[in-house]
Amino acid sequence: MILAIDIGNSNIVIGCIDAKQTYFVERISTNTNQTALEYAVTFKNILELYHINPKGLEGAIISSVVPPISNTVKLSVEKIIGKPCLLVGPGIKTGLNIIMDNPATVGSDLVVTAVAGIRDYQAPFLVIDMGTATTITCIDKNHNYIGGAIIPGVRVSLESLSQKAAQLHNISLETPRRAIGKNTVECMRSGIIFGNAAMLDGMIDRFAEELGETPTVIATGGLSKFIIPHCRHTIIYDDSLLLKGLWIIYTKNQ
């Protein structure tokens, strides 16, 4: 069993995984001001909640899109498990063929989910990851990473709307009763929930048209569960996709 961590702009996803199963998936807020010791205490407490001894872990691996705290988190993990921790980046074997203008600019989280998708799902496929940004990654029938799309995230859009429009306030992500809202809150929920669902449906259609065939569609990320049920396309929700990808990359580098 290893400790797998993905550092995102808003949240850090942490879990334990081995070849057989994912033991847990938790999220904490990303805090660029925390020290390695503070992160170490947080991670140790989470492991204790699941009755996992940090010193008994085989190793650890991290992917990150927040470079300022990557090494801080790496040091914190090494402090609690007493073993080296891998950081996805240059020099790490992934086995993924990236056909992009500059492969080095592809986020490590996108690489990790693509690696997991290739093992577990039929290609061609799309991976929708809904976090601070909504990303759509496209893998072709030959298992090549060929590109994707980046869209403002659900909460980013909602917060921007609330901040820029004086009469619109922040709302919770509850399912609207109807598309045609009867008051301001209902109208906002319709736009955020149904609007994002319709956007994903439309993007899936456009990707399928360019691919020339219907792709498998997988969704992950903390916000996906609010939006995916309202999409008209069949979308597989896989909350542990990132952790599975980290496990695969970890084993490739042993």
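User: What order do the five strands of the open sheet take, and what is their pairing?

Analyst: The order is E3-E2-E1-E4-E5, with mixed pairing. Strands are DSSP runs (E, at least two residues), as are helices (H or I, at least four), numbered from the N terminus. This is a predicted model, where local features need pLDDT of at least 70 and side-chain atom pairs 80 or more, while totals for chains, interfaces and linings use all residues. Residues count from 1 along each chain as its sequence is written, and side-chain values use heavy atoms, without hydrogens or water.

User: Why do E2 and E3 count as paired?

Analyst: Pairing takes at least two DSSP bridges. Seven join E2 (residues 11-17) to E3, antiparallel, so the two strands pair. Asn11 stands opposite Ser29 in E3.

User: What makes helix H7 a helix that packs on the sheet?

Analyst: Contact means heavy atoms within 4.5 Å. H7 (residues 241-252) touches E1, E2, E3, E4 and E5.

User: How many residues line the largest pocket, and what makes a residue part of the lining?

Analyst: A pocket is an open set of points on a 1 Å grid where a 1.4 Å probe fits, with protein on both sides within 12 Å along at least five of seven lines; lining residues have an atom within 4 Å of a point. By that test 39 residues line the largest pocket, with Asp109, Asp129, Gly131, Thr132 and Ala133 nearest its centre. E9 gives the largest share, five residues.

Key. Axes fitted to C-alpha atoms, helices over the stretch in contact; angles between N-to-C directions.
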